[in-house]
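Subject: Structure for you to look over

Hi,

Here is the structure I promised you. Please open it next to this email, and then read on for what I found.

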Amino acid sequence: MSVLRPLAPHAEAAELRRWKLDSFGELRSLRAALRETIEHHTDETDDLFDKMAVVATELATNALRHGLPPTEVVLLEHDDRLILDVADHDLGTLPEVAQDRPLGAGGLGLQLTKTFAIDVGWYRTDLTKHVWASFPS
């Protein structure tokens, strides 16, 4: 396993939308609201949305499954990038990228995130642990 590099996203990023998730059942409404928000901020919606929806679902699922509630998802914008920032309240666990894991064994969320995003990182605040991914808008 490898750990993501510790780095906060751009401090100047503007918040576009925020979601609070308490259960896996809320992932569908997250994806729908994410599509709506992306459509208001870029013309390249289909491919961008597909990638961001996978990453948002994977990161939020990881936070719901392995973190402490509530899970918070924030969509930010900075220059020509959209940034998904997913937080949970488990400060004791580092986000680790599973390597050499067979398909079907789980743990591929961060690998997919690194494949679809142009940049990925994580950081902690006093109360939350965040994993973020940026995409070209």
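Is the crossing of α1 and α2 right-handed or left-handed? It is right-handed. Before the details, please note that this is a predicted model.

**Overall layout**

The chain has three helices and seven strands. From the N terminus, the order of elements is β-β-α-α-β-β-β-α-β-β. There are 137 residues in the chain, and buried ones make up 44% of them. The accessible surface is about 7,300 Å², and carbon and sulfur atoms account for 50% of that area. Now take the contacts between residues at least 6 apart in sequence. Of these, 64% join residues at least 24 apart.

**The sheet**

Start with the strands. Five of them form an open sheet, in the order β2-β3-β4-β7-β6, with antiparallel pairing. β2 (14-21) and β6 (119-124) are the edge strands. Each has a single partner strand, so one side of each has no neighbour in the sheet. From one strand to the next, the twist averages 20°.

Seven of its eight residues are buried, so β7 is largely enclosed by the rest of the structure. Strand β4 (residues 81-88) pairs with β7 (residues 129-136) in the antiparallel sense, over eight bridges. Arg81 has Pro136 of β7 as its bridge partner. Ile83 has Ser134 of β7.

β6 also runs antiparallel to β7, and six bridges join the two. Here, Tyr123 stands opposite His130 in β7. β6 and β7 form a hairpin, with four residues between them.

**The helices**

Helix α2 (residues 46-66) lies across β2, β3 (71-78), β4 and β7. It runs at about 15° to β4.

α2 also packs against helix α1 (residues 27-41). The angle there is about 145°, and the axes are 10 Å apart. From α1, the contact is made by Leu27, Leu30, Arg31, Leu34, Arg35 and Ile38. The α2 residues in it include Leu48, Phe49, Met52, Ala53, Ala56, Ala60 and Leu64.

How is α2 placed against helix α3 (residues 109-116), and at what angle? These two pack at about 150°, with their axes 9 Å apart. That makes α2 roughly antiparallel to α3. The crossing of α2 and α3 is left-handed. On the α2 side, the contact is made by Lys51, Val54, Val55, Glu58, Leu59 and Asn62. On the α3 side, Gly109, Leu110, Leu112, Thr113 and Phe116 take part.

Look at Thr113 in helix α3. Thr113 counts as buried because its relative accessibility is 0%. Leaving out residues up to four places away in sequence, Thr113 touches Val55, Leu59, Val120 and Ala133.

Then go to Leu4, in the loop between β1 (2-3) and β2. Is Leu4 buried or exposed? Leu4 is buried, because its relative accessible area is 4%, and the cut-off for buried is under 20%. Which residues does Leu4 touch, not counting those up to four places away in sequence? They are Pro95, Val97, Leu110, Lys114, Val120, Gly121, Trp122 and Val131. Trp122 is 118 residues from Leu4 along the chain, yet their C-alpha atoms are separated by 6.5 Å.

**Two backbone points**

A cis peptide bond joins Pro69 and Pro70, with omega at about -5°. Pro70 lies in the loop between α2 and β3.

Asp79 is in the loop between β3 and β4. Its phi is near 50°, a positive value in a residue other than glycine. Asp79 is exposed, because its relative accessible area is 65% and the cut-off for exposed is over 50%.

**Where to look**

For a quick tour, begin with β7, which pairs with β4 over eight bridges and is joined to β6 by six. Finish at the cis bond between Pro69 and Pro70.

Best wishes

Note on methods:
Residues numbered from 1 in each chain as written. Predicted model: local features only at pLDDT ≥ 70, side-chain atom pairs only at ≥ 80, totals over all residues. Heavy atoms only, no water. Pairing = 2+ DSSP bridges. Axes fitted to C-alpha atoms, helices over the stretch in contact; angles between N-to-C directions. Contact = heavy atoms within 4.5 Å. Buried < 20%, exposed > 50% of the residue type's maximum accessible area, 1.4 Å probe, protein only. Areas by Shrake-Rupley, 256 points an atom, 1.4 Å probe, with all protein chains shown as cover. Parallel < 35°, antiparallel > 145°, perpendicular 65-115°, else oblique. Left-handed = near helix turned anticlockwise from the far one by under 90°.
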